[in-house]
Amino acid sequence: MSNAHRYGPWAVVTGASDGIGRALAEHLATQGINIVLAARSVDRLRALATELEAGHGIETLVAAVDLSDSVGVDTLVDVTRDLDVGLVVLAAGFGTTGTFLETPLAAELELTAVNVIAVTHLAHVFAGRLAIRGRGGIVLFGSIVGWQGVPGQANYAASKAYVQSLAEGLHDELRPRGVDVLAVAPGPVDSGFGARAGLTMSSATSTEVVARVTLAALGNRRTVIPGTRGKFLTAALLPLPRRIRSLILGKVITGMREPRRARITQR
Ligand SMILES: NC(=O)c1ccc[n+]([C@@H]2O[C@H](COP(=O)([O-])OP(=O)(O)OC[C@H]3O[C@@H](n4cnc5c(N)ncnc54)[C@H](OP(=O)(O)O)[C@@H]3O)[C@@H](O)[C@H]2O)c1
């Protein structure tokens, strides 16, 4: 069954203005799926919408929403109400870097709002709509840092542990309702993520690879780890006790931090 048949005619992609969300929107457009493009950067979303409509003859809808705010989440729920949505990709998210005491509380609460609260809200709404429809998919983004606590990224790693666990539970709950749920747990990816988190990414996987691997896994897997570095780190670390993994990943994050410590790039 083609993706357009199983997951069309409309997909909702959050985080579509950049990185992984943008790459997934580009892939879905090549499959003839219409897309709701959601993020805050309206100019980037409009430019992408024009490009995808002209290049692939699909329809798009731009939703300029701030998902750290319940108004933004409610807006996305409202503007998609009358569309026949078959796929929801919840890629909007960001990381902070620094110890919990270095990072401002406002940044950590914003992270929780985008990575956890908005994901929970949108997953709940669309799980309900897709279950009634009896067919579709939901893609959620964890991370390899979500397999254990990580000093220097404590709240980000906790948010990704939450998403991973949510996705695994929903996978089994929604499968009998015809809805495929996939957890994607990347290692470092070459996207806007590193700049916002104050991390230098090396040996990072391209967003193109993440998008391709994600769509190939949807409907076949519970969890997918795209990229060689993410797979390698997971295989090397998972056999170790959690506390050892935390220590090692804490050192990895310290090594990735940009020279001026505790940079939190706020947009
Ligand atoms: N890159 C990595 O190394 C990596 C590794 C593991 C997991 N992940 C996860 O993969 C997902 C995608 O990350 P990425 O690498 O594509 O990062 P990215 O290039 O920085 O893109 C993040 C997207 O999220 C959107 N976003 C951020 N805050 C938002 C808000 N308040 N409201 C609405 N949209 C918001 C951004 O759009 P605007 O700024 O326009 O709002 C952007 O489109 C995230 O959940 C991330 O945690 C990334």
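**Touring the ligand site**

Start at A91: one of its polar backbone atoms is 3.3 Å from an oxygen atom of the ligand. That is a polar contact (a pair of N or O atoms within 3.5 Å). This is a predicted model, where local features need pLDDT of at least 70, side-chain atom pairs count only at pLDDT 80 or more, and totals for chains, interfaces and linings use all residues. Residues are numbered from 1 along each chain as its sequence is written, and side-chain values use heavy atoms, with hydrogens and water left out.

Next, select G15. A polar backbone atom of G15 is 3.0 Å from a ligand oxygen. Then go to V189, where a backbone N or O atom lies 2.8 Å from an oxygen atom of the ligand. Now show the ligand surface: alone, the ligand exposes 880 Å², and the protein buries 98% of that (Shrake-Rupley method, 1.4 Å probe).

The ligand is surrounded by 32 residues, the closest being I20, R40, S41, Y156 and S191 (a heavy atom within 4 Å). Color the shell by type: 15 residues are nonpolar, eleven polar and six charged. Gly counts as polar here, and Tyr as nonpolar.

Switch to cartoon. Highlight α2 (19-30), α6 (154-174) and α7 (193-197); each gives the shell at least two residues. Helices are DSSP runs of H or I, at least four residues; strands are E, at least two.

Finally, select residues 9-192. An unreviewed UniProt entry places "domain: Ketoreductase" there; such annotations may be inferred rather than shown by experiment. This stretch is 47% helix and 20% strand. Its end C-alpha atoms are 29 Å apart.

Conventions. Polar contact = N/O pair within 3.5 Å; in protein donor to acceptor, adjacent residues only side chain to side chain.
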